Amino acid sequence: FFFCFVPCPHTMASRPTVTVYGADGAAGSSSVALPGVFLAPVRPDVVHQVTVALSKNKRQPYSVNKYAGKSCAASSWGTGRAVSRIPRVQGGGTHRSGQGAYGNMCRGGRMFAPTKTWRKWHAKINVTQKRYAACSAIAASGVTPLVMARGHRVEDTPECPLVVDASVESTAKTQKAVDLLRKIGAHADVDKVVASRTMRAGKGKMRNRRFVQRRGPLVIYDKDEGISRAFRNIPGVELAQVDSLSVLQLAPGGHLGRFCVWTQSAFEKLDALYGTPTEASSEKTRHGTPYRMPQLQMANADLSRLINSDEVQSVVNAPKEGTAPKARKANPLKSAKAMDVLNPAAATFKKAATEAQATKKAKAKRVNAMKSTFYKQLIADES
């Protein structure tokens with residue numbers, strides 16, 4: 001299944017600016033231009049592939065004991081005793097003696113292909129592909145239906161993407177951070193996280209992973225002047241520095257539409273990091289070449305509108321009226337006309353074959369007549 005959401009540039013152009021909200025939650029007089037990265041194509045397939053690869057890089061090696069299933073002395077009885085050649089426990093006087101050992105099909109034996117710690121645990125992913133996924137995730141975070149479809153509570157949020165004043169980066173108290181989330185309508189997502197906290201199913205509850213909960217807002221900042229200490233203890237809220245955005249935070253589980261709260265300085269820095277549809281990035285390079293954000297393959301993704309446009313309809317053929325009568329297909333072995341279409345030389349060959357057959361029949365007739373005459377003369381001479 002493949003799905004590609006393409007934000008329509010005409011819709012985005014109707015609202016090229018985003019309102020900046022102050023620390024009191026009120027809409028300020030200033031606004032910032034919408035960064036070009038929000039026009040990047042949304043590719044769930046690329047985001048999912050990058051997420052799966054990056055998630056492998058935090059795994060810890062594991063393996064079974066290399067002596068598991070091999071703690072007993074056993075050797076094969078060899079051939080000639082009408083039993084399999086699996087190693088068998090030595091000795092006597094107990095049920096264990098003579099039983100098969102070591103094999104994965106034996107009771108108490110080792111597993112098949114025992115796991116080793118030198119397995120290839122990590123996965124490599126192209127830098128450009130990671131940046132493509134990050135651009136897609138950022139663009140999806142500005143589409144309100146995708147954010148709501150992911151489960152975030154943004155009904156009371158005034159705008160998406162949500163941008164707050166840069167002074168929020170100097171907030172150092174958690175109470176002020178909670179008040180800010182309430183004023184901008186983002187605390188409903190935190191309440192969802194608190195209500196979702198439940199006991200983990202499985203043995204992870206015994207391994208310091210006792211509880212699980214949903215994901216809340218992602219606060220993205222430029223300079224940490226106390227903002228990380230203010231927001232870090234709020235359930236479900238995560239923080240990220242704009243220079244090192246990760247797909248694992250922008251699209252947890254490979255699911256697009258993370259609810260992001262941007263500071264003004266971080267929001268304005270996106271154009272320098274990822275560039276615009278017409279300009280390359282001024283901070284990211286690849287082999288010395290400035291990075292360019294992924295481009296839309298279609299400026300207008302409305303296919304029905306394209307097909308029915310005057311430009312297309314003026315050059316396509318007019319619709320054909322009615323249907324041509326369907327002729328019955330003739331058998332060329334029975335129809336000379338159909339055979340002539342397939343093989344124009346068929347009539348000549350057929351005529352030659354008919355003449356050859358007639359000549360053969362005439363010759364046979366003459367031979368038979370000569371035989372009859374000779375027989376009659378032979379009878380007459382004898383009489």
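Predicted model: local features only at pLDDT ≥ 70, side-chain atom pairs only at ≥ 80, totals over all residues.

Student: Which residue forms a salt bridge with Asp243?
Tutor: A salt bridge needs a Lys or Arg side-chain nitrogen within 4 Å of a carboxyl oxygen. For Asp243 the closest N and O atoms are 3.0 Å apart, and the partner is Lys269.

Student: How many residues apart are Asp243 and Lys269?
Tutor: Asp243 sits in the loop between strand E9 (238-241) and helix H8 (247-250). Lys269 is in the loop between H9 and H10. The pair links distant parts of the chain, with a separation of 26 residues.

Student: Lys269 also meets Asp222 in a salt bridge. Is Lys269 buried or exposed?
Tutor: In that salt bridge the N to O distance is 3.5 Å. The cut-off for the buried class is under 20% relative accessible area. Asp222 falls in this class, and Lys269 is likewise buried.

Student: Why does Asp45 count as partly exposed?
Tutor: Asp45 forms a salt bridge with Arg43, with 2.8 Å between the closest N and O atoms. Partly exposed lies between the buried limit of 20% and the exposed limit of 50%. Asp45 counts as partly exposed because its relative accessibility is 28%.

Student: How many salt bridges does the count come to?
Tutor: The pairs discussed include Asp45 with Arg43, Lys269 with Asp222 and Asp243 with Lys269. By the 4 Å rule, the count comes to six salt bridges.

Notes. Residues numbered from 1 in each chain as written. Heavy atoms only, no water. Buried < 20%, exposed > 50% of the residue type's maximum accessible area, 1.4 Å probe, protein only. Helix = DSSP H or I, 4+ residues; strand = E, 2+ residues; numbered from the N terminus.
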